[in-house]
Amino acid sequence: MSHVFLAILVIFVLGVGNFVLHCAVLDSNHPLMEQMPSFVRLLGGRLTLVAEFLVLLAAMLLAANGWAGLAWAYAAYSALNAVSAWLILSGKI
């Protein structure tokens, strides 16, 4: 298995996890969600999922074009997302 394919696969799996966490946070009705600007709250905040998709798409395209090391950067981004989601969903924020 080539390192490019592996990087794309890792980024894709992490991206699915990011979408799951993102949806859980949006569905939590946490008070932070009400502090988002009104244009972001359009469609129940689902507009932010478009931004999440664009980040995932960019990471996968860059990895496919030889930036296989970007999987590490996307893993760090996913770790930050996971910590943020945990803080919000557990009520620590």
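Buried means under 20% relative accessible area, exposed over 50%, and partly exposed in between, with a 1.4 Å probe and protein chains only. The model is predicted: local features need pLDDT of at least 70, side-chain atom pairs count only at pLDDT 80 or more, and totals for chains, interfaces and linings use all residues. Residues are numbered from 1 along each chain as its sequence is written, and side-chain values use heavy atoms, without hydrogens and water.

**Exercise 1.** Decide whether His 30 is buried or exposed, and find what lies around it.

Solution. Step 1: His 30 has a relative accessible area of 12%, so it is buried. Step 2: His 30 sits in the loop between H1 and H2; helices are DSSP runs of H or I with at least four residues, numbered from the N terminus. Step 3: leaving aside neighbours within four places in sequence, His 30 is in contact (heavy atoms within 4.5 Å) with Ile 88 and Ile 93. Step 4: a polar atom of the His 30 side chain lies 2.7 Å from the backbone oxygen of Ile 93.

**Exercise 2.** Find which residues make up the largest nonpolar core, and which elements they come from.

Solution. Step 1: a nonpolar core is a set of buried Ala, Val, Leu, Ile, Met, Phe, Trp, Tyr and Cys residues joined through side-chain atoms within 4.5 Å. Step 2: the largest one has eight residues: Ala 7, Ile 11, Leu 56, Ala 59, Ala 63, Ala 68, Ala 71 and Tyr 74. Step 3: helices H1 (3-27), H3 (47-64) and H4 (70-89) each give two or more residues to this core. Step 4: H3 gives the most, with three residues. Step 5: a second, separate core has seven residues, among them Leu 26, Met 33, Met 36 and Leu 49.

Conventions: A polar contact is a pair of N or O atoms within 3.5 Å; within protein, one must be able to donate a hydrogen and the other to accept it, and residues adjacent in sequence count only if both atoms are side-chain atoms.
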